[in-house]
Amino acid sequence: RLHALDAEACAALLPRVFGAATTDYFLPPGKHASDQLAVASANLLSDLIDACVRRPMVEAAVAALPSGGKKKGAKRAPPASPLEEVVVAVEGLLTPRFYRTLHCTLCVVQSLLNRLGSLGLAHPLLDPLCEELAALHPQRGDLQPGAQDELERAIGAMIAAFGAVDICRVLPLYKDMAHPDLAAKNHAWLLPAMRKHLRGGPLTFFSETLLPLADRLQEMAVQADGKGLPIEAKNLMLVHQQVWAALPALCLDTPDAATAFPALARRLGATLQSDPALRAPVCTAMVNLVQGSRRAAAGGEDEDMGDSDKQAHNRTTKEEGAAAVAQLAAFSKNFLPVLFNACAETPHPQQRATLLQAIGEYARVSDQKQLSGFFQNVIKKLLAAAAAGGEGEDAM
C-alpha cells in the first residue's frame, strides 16, 4: 500500500525491513532459528520483492553502481542505493550462520533473481549474489535435502536471469577457456544447468565461445586416450558433449539467428554427417531455432507450437524472426539432404524420431518443390534399406 502511495518512501524503507527480517526473524538473537518463523519471513520478503521492486528502482540502483564494477579481491564499497542494500542483505542470507534455514532463504534469493531477471537487469547488480550462490554448489552434498532442492532451483533462476553470456562472464566455465583444466576449480558444472534453464541467447556466443571450447575438449580427449588415460579421456568427452547439449537451449530464442546462422551452418551440417553422438542436440537445436524464429516472425504467437514454446521469453523481434526464417529457408537445400541421409542411415527408431522431427520443422520453412524431391529420394532409400536388411516395417 505504501508503494502505491509513495514509491520513493517505500524504496527508502525497504532495506530496514530486509535488515530486520534477516537478523531477527531468520535467526533470532540467542536462539535457534524457528522453521515456522523462517518460512513466514521468506514469504514476507518474497512478497515485498514482487510488490515493491519495479523498473525505476532497479534502473536507479544500476546507475548508482561504481563504474567498472567490483574488482576481484577488492573490498566492497558501501551500498549506493536502497535496492543494493536489499541485495547485500539477501547475500548475507547465504552465509554459514543461516545454513539452518537455507531452504527458506534460498526462496528469497529466487524471488530477487526472478524479479530482476524479468526486467533484464540482473547483471551487474546481482553479480556478487551470483558468486555467493555459486560458492554453495560444492557444498550441496552437505546441505539438508530441502536446501539441496532449493539450491538447484536458485541456480536455475540465476541462469535464467543472467543469460548465457553474463553468467559465463561472472562465472567463467574455465579460468583459461583455451586450456580447460578439469582438475582445477571451475564452473563447468553450470553446463547441465544451462541446458535445463536457459531460454535462448545469442547464437554467436555458441560459435565464438562454446564451440571452440568443445573442440579443445575433444582434442584433449584424443590426446589423453593416446597417452593411455582412458578415464581422463572419458571425462573430457563428457564435458565436450555437455557443451553441445547447451546449444538447443540457446536456440529457443535467438535474436542474432539471421546473421549468426550462416557462419555456423556448415559446421552443424558436418556434425550431423560425421558424429552420430551429437545428432540429438543438433537436431533439437534446429527444431528450436525454426520454432523460435517462426514464433517471433508471427509476432510472438504460433498456433502450431506447444505451450512450453509460447512461454519462452520473446527477446527476438518480429523483424529479426522474419530475417531468421528467410535465412533458414535459404539453407534448406543444404540441410534437408543431410538430415534425410542421416535418417536413412540411422537404424534405431528412437534416434530416427529426433531426425524426423528436425526434418518436419525444417520443412515448414523450406521450398515445397525442393521438399517434394527430397522426400521422394529418402523414401526410396528407406525402402531399399528395409529390403536389404529384411526388417520389414521396423526399418521404416
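**Reading burial, salt bridges and aromatic pairs**

Q: Glu150: buried or exposed?
A: Glu150 is buried, at 15% relative accessible area. Buried means under 20%, exposed over 50%, and partly exposed in between, with a 1.4 Å probe and protein chains only. This is a predicted model, in which local features need pLDDT of at least 70, side-chain atom pairs count only at pLDDT 80 or more, and totals for chains, interfaces and linings use all residues. Residues are numbered from 1 along each chain as its sequence is written, and side-chain values use heavy atoms, leaving out hydrogens and water.

Q: Which residue forms a salt bridge with Glu150?
A: Side chains of opposite charge can pair when their charged atoms come close. A salt bridge needs a side-chain nitrogen of Lys or Arg within 4 Å of a carboxyl oxygen of Asp or Glu. Here the partner is Arg153, with the closest N and O atoms 2.9 Å apart. Arg153 is partly exposed, at 45% relative accessibility.

Q: How are Arg153 and Glu150 placed in helix α8?
A: Helices are DSSP runs (H or I, at least four residues), numbered from the N terminus. Both residues sit in α8 (residues 145–170), three residues apart, or about one helical turn.

Q: Which side chains meet at 2.2 Å, N to O?
A: Those of Arg169 and Asp166, in a salt bridge. They too are three residues apart in helix α8, about one helical turn. Asp166 is buried, with 19% relative accessible area.

Q: How many salt bridges does the whole structure hold?
A: The search finds eight. One of them joins Asp215 to Arg267, with closest N and O atoms 2.6 Å apart. Asp215 lies in helix α10 (residues 203–226) and Arg267 in helix α13, so this pair ties together parts 52 residues apart in sequence. Asp215 is partly exposed at 28%, and Arg267 is partly exposed at 27%.

Q: How many aromatic pairs are there?
A: Rings of Phe, Tyr and Trp (its six-membered ring) pair if their centres lie within 6.5 Å; planes under 30 degrees apart are stacked, over 60 edge-to-face, the rest tilted. The count is four. Take Phe261 and Phe331: their ring centres are 5.5 Å apart and their planes at 90°, so the pair is edge-to-face. Phe261 lies in α13 (residues 257–274) and Phe331 in the loop between α16 (318–330) and α17 (332–345), so the pair ties together parts 70 residues apart in sequence.

Q: Phe261 and Phe331: buried or exposed?
A: Phe261 is buried, at 1% relative accessibility. Phe331 is buried too, at 18%.

Q: Which residues form one aromatic cluster?
A: Phe261, Phe331, Phe335 and Tyr362.

Notes: Helix = DSSP H or I, 4+ residues; strand = E, 2+ residues; numbered from the N terminus.
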